[in-house]
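Visitor: I'm new to this, so please walk me through a protein model, one feature at a time.

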Amino acid sequence: SLVGSEMCIRDSSYCVGVTFSIIVFSPLVAVAAILYLVVGDFAAALVGISYGRIKIGKKSLEGSIACFISCFIIGSFILWRLDLCEQLAFWGALAATLTELLNPNMVDDNLSIPVISGFAIQLIASRLGITIPQELVPDARTT
């Protein structure tokens, strides 16, 4: 059935987006990008369906605001020990939100949200000269 094949494509896109993030990005960026997908996309759908009044295409402004706020909070918590973490969280959340809002129908947002938001965080970190550690938790012996 069409519904079953659409679900299979969404599940596959989710797995590819998460796997890509884990392989390509540092662990902190991968976790942030994956949580942007899981929480941000969910917040956008929940708020957009329940309270969305102002439509932007098929999405709602209210859902997009919920996506941005949830992603920014997540990014701030995950990236808190980095210099200028609020900059990284802001740009990552904005990338996730715009991807969720403007994503073309031919590309599943389960694939595009973590990939684009992860690249945005990496790009901003590079432009600001911020080093992103390659471990999730700092080594207690070196701190």
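Visitor: How do the axes of α2 and helix α5 lie, and at roughly what angle do they cross?

Guide: Two packed helices are described by the angle between their axes and the distance between the axes. Here α2 and helix α5 (residues 109–128) have axes that come within 8 Å and cross at roughly 135°. Axes are lines fitted to C-alpha atoms, for helices over the stretch in contact, and angles run from 0 to 180 degrees between N-to-C directions. That angle makes α2 oblique to α5, since under 35 degrees counts as roughly parallel, over 145 as roughly antiparallel, 65 to 115 as roughly perpendicular and the rest as oblique. Before we go on: this is a predicted model, where local features need pLDDT of at least 70 and side-chain atom pairs count only at pLDDT 80 or more, while totals for chains, interfaces and linings use all residues. Residues are numbered from 1 along each chain as its sequence is written, and side-chain values use heavy atoms, with hydrogens and water left out.

Visitor: How do the axes of α2 and helix α4 cross?

Guide: Helix α2 (residues 27–51) and helix α4 (residues 85–102) have axes that come within 11 Å and cross at roughly 55°. They are therefore oblique to each other, and the α2 and α4 crossing is right-handed. From α2, Tyr36, Asp41 and Ala44 make the contact, and from α4 Leu88, Ala89, Gly92, Ala93, Ala96 and Glu100 do.

Visitor: What is the overall pattern of the chain?

Guide: You can read α-α-β-β-α-α-α along the sequence, with 5 helices and 2 strands in the chain. Helices (H or I, at least four residues) and strands (E, at least two) are DSSP runs, numbered from the N terminus. Of the 143 residues, 41% count as buried, where buried means under 20% relative accessible area, exposed over 50%, and partly exposed in between (1.4 Å probe, protein chains only). Of the contacts with a separation of 6 or more, 71% join residues 24 or more positions apart.

Visitor: Let's zoom in. Is Gly63 buried or exposed?

Guide: Gly63 is buried, with a relative accessible area of 3%, and its place is in helix α3 (residues 61–78). Leaving out neighbours within four places in sequence, Gly63 is in contact with Ala44, Val47 and Gly48.

Visitor: What lies 3.0 Å from the backbone nitrogen of Gly63?

Guide: A polar atom of the side chain of Ser60 does. A polar contact is a pair of N or O atoms within 3.5 Å; within protein, one must be able to donate a hydrogen and the other to accept it, and residues adjacent in sequence count only if both atoms are side-chain atoms. Ser60 is in strand β2 (residues 59–60) and counts as buried at 5% relative accessibility. Beyond four places in sequence, Ser60 is in contact with Gly48, Gly52, Ile54 and Lys55.

Visitor: And where is Ser70, and what does it touch?

Guide: Ser70 is in helix α3 and is buried, at 14% relative accessible area. A polar atom of the Ser70 side chain lies 3.0 Å from the backbone oxygen of Ala66. Not counting residues up to four places away in sequence, Ser70 touches Val39, Gly40 and Ala43.

Visitor: What is the phi of Leu84?

Guide: Most residues other than glycine have a negative phi. Leu84 has a positive one, near 55°. Leu84 lies in the loop between α3 and α4 and is partly exposed, with a relative accessible area of 39%.

Visitor: Last one: where does Gln134 lie, and which residues is it in contact with?

Guide: Gln134 lies in the segment after α5 and counts as exposed at 57% relative accessibility. Setting aside neighbours within four places in sequence, Gln134 is in contact with Ser26 and Pro27. Gln134 and Ser26 are 108 residues apart in sequence, yet 5.3 Å apart in space, C-alpha to C-alpha.

Definitions and conventions. Contact means heavy atoms within 4.5 Å. A crossing is left-handed if the near helix is turned anticlockwise from the far one by less than a right angle, and right-handed if clockwise.
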